[in-house]
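This report walks through a structure one part at a time, moving from a turn between strands to the residues packed inside. Please keep the sequence and the 3D view at hand while reading.

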Amino acid sequence: MQILTERLRLRPVQPADRDALHRMEQDPEVMRYLNGGVPTPLVPADPQSSAYLMPRGAEPEVMAVIERDTGTLAGWIALFVEGEEAELGYRFYRSAWGQGYATEAAKAVISDAFARRDVTRIVALTMAVNTNSRRVMEKLGMRHAETCFPNFSEPIPGAEHGEVKYVLERKRRLS
């Protein structure tokens, strides 16, 4: 399945995307709110215990976000559906930040999920201090639902401010 937006083409990730996906995770700023900015290994020691998704091109929920004009991989977006609820996740190369790609791609996958699946609720999580990601969620019409304070064995900078959960209900259609 493929989704086209005005500027982007979203398609399932492929094994050929593996190196590009991994290269994105080598940027400390991209990984800042995930693991404190530490580059990830190409092959995680234990992929099952990873605290966050590290796509390598074979994950069925993950879609590559490609600039239509250039064919450049800008990042990835995913919806992890469980019953009527889905969790939104995304990660973009720093070179793609500030261009509205995350919002554009997220609107497309959310609209698709509400139209073609039994999804009635989308949630998204981030660190409270990740204002850029929170701004994307707000542009999607998501509302702050809660702030929690998980007990991390090795907290990263900003963890003391907690994690936030944003929610979008199907009845609140995207504009």
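## Two hairpins around β4

Strands β3 and β4 form a hairpin with 5 residues between them, and in this turn G71 has a positive phi of about 75°. Strands here are DSSP runs of E with at least two residues, helices are runs of H or I with at least four residues, and both are numbered from the N terminus. The model is predicted, so local features need pLDDT of at least 70 and side-chain atom pairs count only at pLDDT 80 or more, while totals for chains, interfaces and linings use all residues. Residues are numbered from 1 along each chain as its sequence is written, and side-chain values use heavy atoms, with hydrogens and water left out.

Strand β3 (residues 62–67) pairs with β4 in the antiparallel sense over 5 bridges, where pairing requires that DSSP finds at least two bridges between two strands. One of the residues involved is V62, whose bridge partner in β4 is A78. On to the next strand: β4 is joined to β5 (residues 85–92) by 8 bridges, and these two strands also run antiparallel, with R91 in β5 as the bridge partner of W76. The hairpin of β4 and β5 has 2 residues between the strands, and G83 in its turn has a positive phi of about 70°.

## How enclosed is β4?

Strand β4 (residues 73–82) is largely enclosed by the rest of the structure, because 7 of its 10 residues are buried. Buried means under 20% relative accessible area, exposed means over 50%, and partly exposed lies in between, using a 1.4 Å probe and protein chains only.

## The nonpolar cores

A nonpolar core is a set of buried Ala, Val, Leu, Ile, Met, Phe, Trp, Tyr and Cys residues joined through side-chain atoms within 4.5 Å. The largest one has 33 residues, and those with the most contacts inside it include I77, L88 and I122. Among the elements that give two or more residues to this core are β3, β4, β5 and α3 (101–116), and α3 provides the largest share, 9 residues. Apart from this core lies another, of 13 residues, among them L21, M24, V30 and A78.

Residue N35 lies in helix α2 (residues 28–35) and counts as buried, at 18% relative accessibility. A polar atom of the N35 side chain lies 3.0 Å from the backbone nitrogen of G37.

Residue T40, in the loop between α2 and β3, counts as buried at 4% relative accessibility.

Technical notes: A polar contact is a pair of N or O atoms within 3.5 Å; within protein, one must be able to donate a hydrogen and the other to accept it, and residues adjacent in sequence count only if both atoms are side-chain atoms.
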